Each structure stands twice: as C-alpha cells, then as structure tokens.
Amino acid sequence: MWIKINEREYELATGSTLDQLRQKVKPEADLLIVNGFPASPDAALQEGDRVVLIQRGEIPVEDELDALLTARHTPGVHEKVRSACVGIAGVGGLGSAVAVALTRIGIGQLIIADFDIVEPSNLNRQQFFLDQIGLPKVYALRDTLARINPHVHVTACHLKLTPGNLAELFTPVQVLVEAFDKADQKVMLIEEFASRFPEKPIVAGSGMAGYGPSNTIGTERCGSQLFVCGDGTTAAEPGTGLMAPRVGIAAHHQANAVLRLLLGLEPSNGAIETACKLS
Amino acid sequence: MQIILNGKPKEVAAGLTISELLKQLRLDIKQVVVERNASIVAKQGYERECLNDGDNLEIVHFVGGG
C-alpha cells in the first residue's frame, strides 16, 4: 500500500504499524503524526495515510523542506518561487512582513536594506521581538527569517539607501518592494530604480495608517512598471498611527503582488481603484 | 491640447511642463511619481519637459507610512 511520509509517497507492506514504519524510515523520531493527529506507535496504517515523523528539535534539511513546499505549492509554482530574487527597501512595518511572507513560501533570495535599529515603538506592527531591541533591523530580521527557513538566501545591508548606492545593490532582483516610511523617500527610490531598470516591476506602499475599513486597501497598477498597495490616502500622522492590522494587510498585498509577478500574473484586478486616484 | 491623466482625458494649455501641471493640481513635487508615456520621469525633467498633445500621464501621489 502507498502512504505519504512528510509529503513524499512511500510504499509499505499492508498491515504495517506506525512503529514498524518508524524503525525503517526514521528510528529517532519521537513524535508520530497520522492524518494531522498525534498517534500511538502500535497504530495500524492504512492506504493513503499522511504520516509525519518528527524528531523534536531537529531542523529539516533543505531537501525535506523543499519537498514540503513543492507538495504544498505544486512543483511549477515552487520552482519559480525558489529561483526568484526579490529586493526589499526598508524593513519596518511593510518590509519586515513582506520578508516573512516571502520566506514562508520559500523564496530563493532576498536582498534587504535598512539603516534603522529596532526600537520599542516598532513592536506594535513590525516583525521584531523584545529581545531584538537595539539591533539593526536587517540583522534582526535575517535571524528571524533563518528560523522560518534557513535555506532562503538573505543578503542583509545595514545602510541608508541613496540614489548613489541603490541601483548596484538591487541589480540582481527581479522585483523591488518599496517599503519606506517617508513619502519623499518612496518617490526617490522609485524614480532612481526605474531610471536604471525601466523593465523591472516595483511594488510600493501608500496609505495604510490608522484603523479604517480593511477593504479600502487595494493593489493598483500605476503605469507600466509600478504597482501601489494601500488606500492611497491615509498618511501616518499624530492621531492616525501605523498599526499591525492595516500595515499587515498592505504588506501582504505587496507580498502577493510580488508572488503574482514572479508567476507571470497581473497583480491588480482592476476592480479596486485606490492608489492612483488624485486626492 | 488634450492629455490623458490617470486614464481620463484632460484639457491643458499647450506647452505646459510637468511642474506647472503639478502646481495646478496642487500636488507636492516631492511626493509624486510621474509616468509619461510608459516611462517614469526623473525630477530633473519636470521643469524641462513640455507635454505634448495626446500624452499619457500617470501621476501617483504618495503618503507617508510603512
């Protein structure tokens, strides 16, 4: 009979128990899961069962993680994601969440850049932890990403991006994520990157402060290479601060726009007109 | 003359520059990205470049936060 072990097909004698399987495949496993639930070693296995054998504390090797992601995402999608290189300019509320999402889906390479350090006030929305306060954000994030998937290649650049250095840094990327805080810096980045790489898509963020309705946030195509995620109008101001829910929504719009671009799909659906409207 | 601004036709004076148009629209130059006929215009071009009849312009106004 055929079962699946850690998402891979495996042929097994009919009537085998979970323990017999463990002895054969992974004797050191101390946690046995069948079809989503912990099971006892003497449980009899049946055709089509999904078995996960875990050794607590052990980190799966690259091949195993790859097989898991291939099974989840289908081979065609996974191959494109695994071979992709994405740049993220700024790793605050938007950039850190985009990096986490892309790492979880097994992106090949990330180039992250930011000059900032982790401050206590960042923790209401950014993907950092209390024990990372005071660290450069790019290094703290690189450590966090390695805990999610150590096989994602992360290039962490602790520097201020300027018109003089950003083109060289982001030369390898297929898509650039704009995740800055200040509006004039967003504009600087987009203009500079576009002048050097007029064919490469840029996924930017604009308008995600406060706690307005979720569905005002959209993904809009603004011209030939620029996509903008956000509501287009809600700036961060005193009384309208940046908070995890809406920043997270906008960041995941950006992450999904990147994914769609990597798969050769149009990120915007044309149904939501937000960012391109002139206020 | 007529240009297309963010997908909609708009009558503007002949020979208008991008910075003059932004002034009319009361937009802060530092907070906008302007794409003209499928290429993003660098800031140096705002004063120099005059718009032509039929130009397709996309103006994206950015707000802070991220």
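## A walk through chains A and B

Start with chain B: colour it by pLDDT (the predictor's confidence in each residue, from 0 to 100), and among its elements helix 2 (residues 45–48) of chain B has the lowest mean, 94, while strand 3 (residues 32–36) of chain B has the highest, 97. Helices here are DSSP runs of H or I with at least four residues, strands are runs of E with at least two, and both are numbered from the N terminus. Chain B as a whole averages a pLDDT of 95, with 100% of the residues scoring at least 70.

A quick note before moving on: this is a predicted model, where local features need pLDDT of at least 70, side-chain atom pairs count only at pLDDT 80 or more, and totals for chains, interfaces and linings use all residues. Residues are numbered from 1 along each chain as its sequence is written, chains are lettered from A and ligands numbered from 1 in the order in which they are written, and side-chain values use heavy atoms, leaving out hydrogens and water.

Now switch to chain A, which averages a pLDDT of 94, with 96% of the residues at 70 or above. Select residues 271–275 of chain A: the pLDDT there is below 50, and the stretch has 12 contacts in the model beyond near neighbours in sequence (contact means heavy atoms within 4.5 Å). Where pLDDT is low, the predicted coordinates should not be read in detail.

Next, colour chain A by domain: domain 1 covers 2–58 and domain 2 covers 71–262, with bounds from an automatic or database domain assignment. Their centres, taken over C-alpha atoms, are 39 Å apart.

**Helices 4 and 8**

Select helix 4 (residues 93–104) and helix 8 (residues 244–262) of chain A, which pack at about 50° with axes 8 Å apart. Axes are lines fitted to C-alpha atoms, for helices over the stretch in contact, and angles run from 0 to 180 degrees between N-to-C directions. Helix 4 of chain A is therefore oblique to helix 8 of chain A; under 35 degrees counts as roughly parallel, over 145 as roughly antiparallel, 65 to 115 as roughly perpendicular and the rest as oblique. Show side chains to find the contact, including Leu94(A) and Val98(A) from helix 4 of chain A and Val247(A) and His252(A) from helix 8 of chain A.

**Helices 4 and 5**

Which residues make the contact? Helix 4 of chain A brings Ser96(A), Ala99(A), Val100(A), Thr103(A) and Arg104(A), and helix 5 of chain A brings Leu141(A), Leu145(A) and Ile148(A).

**Helices 2 and 3**

Finally, pick helix 2 (residues 62–73) and helix 3 (residues 75–82) of chain A, whose axes come within 7 Å and cross at roughly 125°. That makes helix 2 of chain A oblique to helix 3 of chain A. Look for Asp66(A), Leu69(A), Thr70(A) and His73(A) of helix 2 of chain A against Pro75(A), Val77(A), His78(A) and Arg82(A) of helix 3 of chain A.
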